[in-house]
Amino acid sequence: MPRPRLSMRRIKQLLTMHFGAGASARRIAHEIGVAPSTVREYLGRAAAAGISWPLATDVTDESLMAQMFVNAGVRAGARFHAEPDWSALVGELKRPGVNLLVLWEEYRAVHPAGYAYSRFCQLFREFERRLSPTMRQSHVAGHKAFVDYSGKQVPITDPVTGEVHPAEIFVAVLGASSLTYAEVTWTQRLPDWIGAHIRMFRFWGVAPRLLVPDNLKSAIHKASFYDPEVNRSYGMMAAHYGVGILPARPYRPRDKAAVEAGVRFAQSYILGRLRNVAFFSLAEANTAVAAAVERINSREMRRLGMSRRQLFEAIEQPAMRALPQDDFEYAEWHLARVGIDYHVEVQGFFYSVPHVLIREQVDTRATQRTIEVFHRGKRVAAHPRRYGGPRHGTQPEHMPSAHRRYAEWTPERLQRDARSIGPATEALVIAVMARRPHPEQGFRTCLGVLRLFRGLEAARVEAACLRAVELGALSYASIASILKHRLDPSAPPQAADGTPLLHENIRGARYFH
């Protein structure tokens, strides 16, 4: 059976390490957890497709996949026969008197048309080579940086109220020189996590090839042995600095031994010496931590006869990459669904996209200054970010044509639905859409109001709409409040205990208000 294709994230990581870092196929295979032959196959496909690096900004995941697999056929050496449980055979082979010939004979007894003995042995040896060996890790200069949060916290006292707030300690350690960086952040959430990385790169002045985080939620959405899902904002930050992300495998403490040692050392060296110091702000705590980190990096390591800083400058700094000219700008990514008014919502404000994307799922990228919208990896809209003023940001080129053939939702349809209840309801719908710069911006409100009227008497709906138009209360919340507090003239009577009496709705069904 042909093996499944790699995910696009792993393909891009493979191309980045080959073209950007010049890594060998064996090194790439070791880092991303595939066979060297797989790496060579994908590099061959990239070369045959004429893919250049870095990728053009308009190349989407779909187009890249189409280029690399335009002539994908059955690969050489594909496996077409039933296979035994190789892991079980490893255990059986340890039994006295058992060898591969015995195991092959038992295999052919079950599968007479199975592999010949030579191919059986070849596949078994390939499986053996994939088994994880237990060995001491040797870190290459400039290759990896290990990042994590300490399990201990720093108490910071509010100087006004005296309330104590715990803060987190972020620790980063370079693999070869053990140069350490630490700082205090209020939380472990994504903005603090990425902000700590930005200041870490600034502290080192260079960037390693790989970041090895633990599987905390700010970095990894889904931990996995084979294909962990990296947080998109974290991945964009890493791409900005030209580094890869290789999360520590779950339940594999050797993968993060360097940072664990750095965390323990930082806890004893920083927290132990600062345990009797009271901090009244985050800046005070970081000033003290920075001084302690400088002492850590300047302290001579007995076994090497030199400090972490000296070792970093001698062997690691020359092997690391220069930083980009500008720091990474933090951005939040979210999935959104385009509404029938061809707008997407970001933090309570609405931003337009091309009307042909109605009901499509898109990605939104929010920075302090801009809102960007992406559809299948391609940017389709960009707006200045809104913090006040009108809630809708609409670009004229995103508006539909006069015929509105793009969808069934039109102002005329909403008016027709409202007219079926009564003239006051139709007047309310017209007023809601007339209040917006573009009628489509009132679609959401009109739909919500019409749903709000379901199950109510037509007379009461008409009275509530008339009241809303008179007051100029043309929002969903205002109309819901009129109904809730029975501000319309035809509000139903209440029982002595305040419970609404039973009524008949416009279809004759019984209901409670």
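Helices (H or I, at least four residues) and strands (E, at least two) are DSSP runs, numbered from the N terminus. The views below show a predicted model, in which local features need pLDDT of at least 70, side-chain atom pairs count only at pLDDT 80 or more, and totals for chains, interfaces and linings use all residues. Residues are numbered from 1 along each chain as its sequence is written, and side-chain values use heavy atoms, with hydrogens and water left out.

View 1. Arg413 and Asp417 both sit in helix 13 (residues 411-419). They are four residues apart, about one turn of the helix. Their side chains form a salt bridge (a side-chain nitrogen of Lys or Arg within 4 Å of a carboxyl oxygen of Asp or Glu). The closest N and O atoms are 3.9 Å apart. Is Arg413 buried, exposed or partly exposed? Arg413 counts as partly exposed because its relative accessibility is 21%, and the class runs between buried (under 20% relative accessible area) and exposed (over 50%), with a 1.4 Å probe and protein chains only. Asp417 is partly exposed too, at 30%.

View 2. The side chains of Arg202 and Asp327 meet in a salt bridge, 2.7 Å from N to O. Arg202 belongs to helix 8 (residues 190-204). Asp327 lies in the loop between strand 11 (321-322) and strand 12 (332-337). The two residues are 125 residues apart. Asp327 is partly exposed, with a relative accessible area of 40%.

**View 3. A buried salt bridge pair.** Glu372 and Arg365 form a salt bridge. Their closest N and O atoms are 2.7 Å apart. Both Glu372 and Arg365 are buried. The structure holds nine salt bridges.

**View 4. The largest nonpolar core.** A nonpolar core is a set of buried Ala, Val, Leu, Ile, Met, Phe, Trp, Tyr and Cys residues joined through side-chain atoms within 4.5 Å. The largest one here has 28 residues. Which residues have the most contacts inside it? They are Phe170, Met200 and Trp204. Strand 1 (144-157), strand 2 (164-174), helix 8, strand 4 (206-207) and helix 9 (232-241) each supply at least two residues of this core. Helix 8 gives the largest share, eight residues. In soluble globular proteins, nonpolar side chains tend to be buried together.

**View 5. Met200 and its contacts.** Contact means heavy atoms within 4.5 Å. Leaving aside neighbours within four places in sequence, Met200 is in contact with Val147, Phe170, Ala172, Tyr181 and Leu211.

View 6. Two strands pair if DSSP finds at least two bridges between them. Strand 1 and strand 5 (residues 210-213) run parallel, joined by four bridges. Lys144 has Leu210 in strand 5 as its bridge partner.

**View 7. Tyr117 in helix 7.** Tyr117 is found in helix 7 (residues 117-130). Tyr117 counts as partly exposed, at 34% relative accessibility. Not counting residues up to four places away in sequence, Tyr117 touches Leu100, Leu101 and Trp104. Tyr117 and Leu100 are 17 residues apart in sequence and 8.7 Å apart in space, C-alpha to C-alpha.
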